[in-house]
Amino acid sequence: MAKWGQGDPRWIVEEREDGTNVNNWHWTERDATVWSKGKLRELLVGIAMENEAGRCEISELKQVEGEASCNSRRGKLIFFYEWNIKLAWKGTVKESGAKHKGLVEIPSLSEENEVNDTEVNVSKKKGDGEVLKDLMRTAGTAKVREALGEYLKALKTEFTTGMILPTKAVATQELTLQRKLTENTLQASPVALGVRIPTVALHLTELFDTTVEELYSIFTVKELVQKFSKSPAVLEAEKGGKFQMFDGNITGEYVELVTNRKIIMKWRCRNWPEEHYATVELNFVRAPGQTELQLDCKGVPVCKEENTKFCWQKQHFEEIKGLLQLTTQNA
């Protein structure tokens with residue numbers, strides 16, 4: 001039996017006021033399920049591929065079932081994940097302009113298989129458009145597997161930050177170095193402190209029975225914004241210009257405007273973490289008798305994903321359609 005104070009140091013949790021497992025010997029676990037769902041949506045939705053026959057893209061994450069976790073033991077990280085994923089895709093045949101839809105199913109993404117061996121099944125709704133299905137089955141499958149690889153890479157780096165903690169000696173050395181750096185730079189410039197916010201990306205598309213010009217105006221003309229939002233608005237539709245809508249609940253700044261083609265803006269809701277903005281890109285695409293609006297919103301706080309989707313689909317898209325219908329009736 002070892003004498004008091006001479007035990008195996010691997011079993012000793014060094015003294016800390018917060019009781020942290022500094023030597024990393026004890027088993028700790030972190031649930032990665034919620035984070036993973038957001039990351040998978042961010043990486044998969046919006047993937048596009050194109051060849052001489054047509055163009056396809058992943059339009060929606062329809063289903064993501066399963067779980068993921070990361071465990072730390074003896075200073076090593078062990079990952080467990082198992083996902084059943086279903087994606088929607090849509091595409092257009094270049095020669096005819098015909099549009100088709102289908103599904104991409106990944107029945108089992110798990111640590112038991114390499115990403116390149118992960119089963120990816122592509123299907124298409126009835127009708128023509130086999131050239132699009134072939135495009136999804138070849139280039140689409142490769143891009144989906146590439147995105148899954150990016151997810152696993154992020155799981156093992158981005159998500160695990162802070163799980164392997166320094167020993168007391170290393171921590172003391174790092175703290176001493178940090179203090180020296182702080183003393184040397186404190187007077188030169190203030191240090192910005194912040195908290196990393198887990199985010200997701202949204203990709204939405206919507207068809208409007210109007211011209212590109214009219215739809216673009218609805219997003220850039222103050223009077224039209226006030227009509228569909230049914231509230232006062234402040235709008236400076238130019239690069240660097242500010243905007244405020246829905247009684248100040250939505251605010252931001254225009255980053256880029258390409259007339260009748262594209263709008264990029266910094267965008268936030270009032271109840272988001274202070275000074276946190278998403279990047280919203282609106283692309284206006286001409287279609288026969290209609291305009292397709294493609295929205296990409298990156299940097300949405302994970303906990304605000306559903307609220308943000310509701311804001312765009314209900315408070316923007318549906319209200320704009322109502323305004324267009326009213327305008328047509330009064331014409």
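Visitor: How many salt bridges does the structure hold?
Guide: This is a predicted model: local features need pLDDT of at least 70, side-chain atom pairs count only at pLDDT 80 or more, and totals for chains, interfaces and linings use all residues. Residues are numbered from 1 along each chain as its sequence is written, and side-chain values use heavy atoms, leaving out hydrogens and water. A salt bridge puts a side-chain nitrogen of Lys or Arg within 4 Å of a carboxyl oxygen of Asp or Glu. The number of such bridges here is 12.

Visitor: Which residues are the closest to the centre of the largest pocket?
Guide: The largest pocket holds about 1,000 Å³ of space. A pocket is an open set of points on a 1 Å grid, with protein on both sides within 12 Å along at least five of seven lines; lining residues have an atom within 4 Å of a point. Elements giving two or more residues to this lining include strand S3 (54-73), strand S13 (290-301) and helix H6 (305-330). Of the 39 lining residues, the closest to the centre are Ser-59, Lys-90, Lys-101, Thr-205 and Glu-292.

Visitor: Which element gives the most to the lining of the largest cavity?
Guide: In a cavity, a 1.4 Å probe fits but cannot get out, and one cavity reaches 30 Å³ or more. The largest has about 90 Å³ of space, and its lining includes Phe-219, Met-265, Trp-267 and Trp-312. Strand S9 (242-245), strand S11 (262-269) and H6 each give two or more residues. With three residues, the most comes from S11.

Visitor: Where is Asp-247 placed?
Guide: Most residues other than glycine have a negative phi. Asp-247 has a positive one, near 55°. Its place is the loop between S9 and strand S10 (250-258).

Visitor: What is the phi of Asn-260?
Guide: Asn-260 lies in the loop between S10 and S11. Although Asn-260 is not a glycine, its phi is positive, at about 65°.

Conventions:
Grid points are joined across faces, edges and corners, and a volume is the space filled by probe spheres set on the points. Helices (H or I, at least four residues) and strands (E, at least two) are DSSP runs, numbered from the N terminus.
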